Amino acid sequence: MNLNSQVVNLSGLPPLIIALRASAELKNNHGLDRFFAPVGPLLEAKRLAADLFGAKETWFLVGGTSCGIQASIMATCSPGDTIILPRNAHVSATAGVIFSGAVPKYIIPESNCDWDIAAGITPSQVKTALEESELDGRKVAAVFITSPTYNGICSNLSEISQLCHSCGIPLIVDEAHGAHFKFHSAMPNTALEQGADIAIQSTHKVLSSLTQSSMIHISRDIIDEERLHKCLHTLQTTSPNWLLLTSLDAARHQLSKNPTNIFNEAMELAAEAKTLINKTPGISVLDPSIFFPNFPIMDPLRITLEAWQLGLSGFETNSILHKSHGIVPELIGTRSITLAFSLGTTRDHVQGLVAGLKHLSDSLLPLQLKREKIFTQILPFGGNFHMDLTPREAFFASKMKLKIEDSVGKICGEVICPFPPGTPVLVPGEIINDRALDYLIQVINQGGIISGAADPTLSTIVVCKT
Ligand SMILES: Cc1ncc(COP(=O)(O)O)c(C=O)c1O
C-alpha cells in the first residue's frame with residue numbers, strides 16, 4: 001500500500017493537500033491513508049488539528065457533527081444508563097440515545113416567549129438533575145450540553161464540568177456552532193478550555209471546510225478512546241470522501257497561519273452590524289443580558305434579530321429579506337432570524353443587510369401591524385411532556401399511523417422536529433400532547449419544514465401500538 005507518507009513537505013501546505021496532489025500525480029488507487037487506522041498524512045493532519053484545537057486527540061468526521069454526537073453518546077452510555085441532556089438537544093442526540101439504549105433525563109432549558117428562543121443550561125439545573133438521578137437510583141453515564149446554541153447562547157461549561165467531574169461523569173459538549181471560539185480573544189472560551197471531555201464541532205458551519213466535515217476532540221483520560229474509536233468506526237462510511245477530509249486539514253491550516261487575528265474583520269463587521277440594526281426602527285437585536293440574564297455570554301458572530309414590532313414572524317422576515325436583498329439567514333425562527341458572520345463576511349454583506357432591514361422598516365412601520373398577527377404558541381418544552389417508553393423502546397416498537405386529531409394521548413413513534421433547527425418537538429416514546437401539535441401546525445402554516453416524520457405535512461402521525 002502506498003500511503004504517500006514519504007512525500008517530502010517543502011511547500012508548507014497541509015499534509016492531506018500534499019498527499020492528495022501526489023496521489024493524483026501517481027494515479028494511486030489505494031487511497032491517501034487508512035481512514036480508521038491512519039499511519040500517513042491523515043495521522044499527521046489529525047495531530048496538527050489536535051494541537052491547534054487544544055485536544056488530547058482529534059478525529060476527522062465525514063458524517064458531520066451528527067455522527068460525532070451519536071458516537072460520543074454510544075461511547076459513554078450503555079443500555080439502561082442515564083444521560084442528562086437538554087430537552088432541545090439536536091436530533092442527532094436523540095439518535096445517539098436510541099442507538100445506545102440510554103435513558104434520557106431531560107433538563108428543560110430556560111426560554112423566552114417574546115423571542116421563542118431557548119437559552120442554555122445552568123450549572124444549578126445540572127446539579128439538580130444529578131441529585132434527582134441519584135435519589136432515583138439511576139446511573140448517570142454522561143452529561144450532554146449544547147453550547148453555544150444555534151442562536152449563539154453559551155452555558156457556563158466551567159462550572160458544569162466541575163460538577164460532572166466531582167461525580168466522575170464525562171461531559172460531552174455539542175459545540176457544532178463554536179468551532180471558531182479558539183481564534184479570537186474576545187470570543188467565549190472553548191468547551192475544551194472549560195473542561196469538557198468531548199467536544200464536537202461543525203468545522204463546515206463556522207470555519208471553511210466542506211459541508212458534512214466536522215471534528216471530534218477529546219481532552220482527558222476519562223473517555224475510553226478505543227470505545228469512541230469503535231463507535232466512530234461503526235457509524236461512519238468505509239469509503240470516506242477525501243475531499244471532505246482534506247478540507248478539514250485545509251481549514252486547520254488556514255487558521256494556524258493566523259490563529260489570533262483571523263476573525264478580526266468578522267468581529268468588527270458583526271459589531272458594526274449590531275449597532276446599525278439596533279438603530280433601525282421596529283427591529284432589534286437579541287441582547288442576552290436583558291432576555292437571558294443567566295446566560296450573558298454569547299457568540300459575538302451570531303446576530304439574532306426580530307421584526308415583530310413590524311408585525312412579522314421570523315419566516316416572513318426571512319422571505320421578504322431573501323426576495324428583496326438576497327439575504328440568507330443561518331436560522332429562521334418563529335419570531336426571529338439568526339445571522340452568522342464568518343471569515344467570508346464582507347462590508348458589502350453588512351450594507352446589504354442593513355439596507356434590507358431599513359427597507360422593511362420604512363415600508364411596514366407606518367402600517368402599525370399588530371404583534372398578535374404572529375405566533376401565539378411558543379416552544380413546547382415547558383415540562384408538560386411525559387415519556388412512556390424510552391426512545392429506543394419506542395423506536396423498535398410496532399407502529400401504526402393515526403390522523404393527527406386522533407393522536408393526542410398516544411405514544412409518539414417517530415422524531416418530529418422543525419428543521420432547522422433540528423430540535424425535536426416530539427421524541428419517540430413521549431405522549432403526544434395538544435401543545436406540541438399546535439406548535440408544529442403553526443410551524444407548517446408559517447412555511448417551516450418538519451423533518452423526521454413519515455408524513456411531513458403531519459396529516460398523520462406514527463404512534464406506537466400499545
Ligand atoms: C446544535 C447543533 N448540533 C448538531 C448539529 C449537527 O451538525 P451537522 O450538520 O454537522 O451534522 C446541528 C446542525 O445544525 C446543530 O445545530
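The second largest pocket holds about 370 Å³ of space, in a model that is predicted rather than experimental. A pocket here is an open set of points on a 1 Å grid over the protein atoms alone, with protein on both sides within 12 Å along at least five of seven lines, and its lining residues have an atom within 4 Å of a point. The volume is the space filled by probe spheres set on the points, which are joined across faces, edges and corners. This pocket is lined by 17 residues, and Ile327, Val328, Leu339, Ala340 and His349 lie nearest its centre. Strand S13 and helix H13 (347–364) each give two or more residues to this lining, with H13 supplying the largest share, 5 residues. Helices (H or I, at least four residues) and strands (E, at least two) are DSSP runs numbered from the N terminus.

Residues are numbered from 1 along each chain as its sequence is written. Local features need pLDDT of at least 70 and side-chain atom pairs count only at pLDDT 80 or more, while totals for chains, interfaces and linings use all residues; side-chain values use heavy atoms, without hydrogens and water.

Strand S13 also belongs to an open sheet of 4 strands, arranged in the order S10-S11-S13-S12 with antiparallel pairing. Two strands pair if DSSP finds at least two bridges between them. The edges are S10 (284–285) and S12 (331–332), each pairing on one side only. Within the sheet, S11 (residues 302–306) is joined to S13 (residues 337–340) by 4 bridges, and Arg302 stands opposite Ala340.

What is the volume of the largest pocket? It is about 880 Å³. Of its 46 lining residues, Tyr150, Leu331, Pro420, Pro421 and Thr423 are the closest to its centre. Several elements give two or more residues to the lining, including S12 and helix H12 (314–325), but helix H3 gives the most, with 4 residues.

A friendly place to look next is strand S9. Why is S9 (residues 214–218) largely enclosed by the rest of the structure? The reason is that 5 of its 5 residues are buried, meaning under 20% relative accessible area with a 1.4 Å probe and protein chains only. In a regular strand the side chains alternate between the two faces of the sheet. On one side of S9 are Ser214, Ile216 and Ile218, on the other Met215 and His217, and all are buried. Strand S1 (residues 57–61) runs antiparallel to S9 and is joined to it by 5 bridges, with Glu57 partnering Ile218. Strand S8 (residues 198–201) pairs with S9 in the antiparallel sense over 4 bridges, and here Gln201 has Met215 as its bridge partner.

Key. On a 1 Å grid over the protein atoms alone, a cavity is a set of points where a 1.4 Å probe fits but cannot get out, and a pocket is an open set with protein on both sides within 12 Å along at least five of seven lines; lining residues have an atom within 4 Å of a point. Buried means under 20% relative accessible area, exposed over 50%, partly exposed in between (1.4 Å probe, protein chains only).
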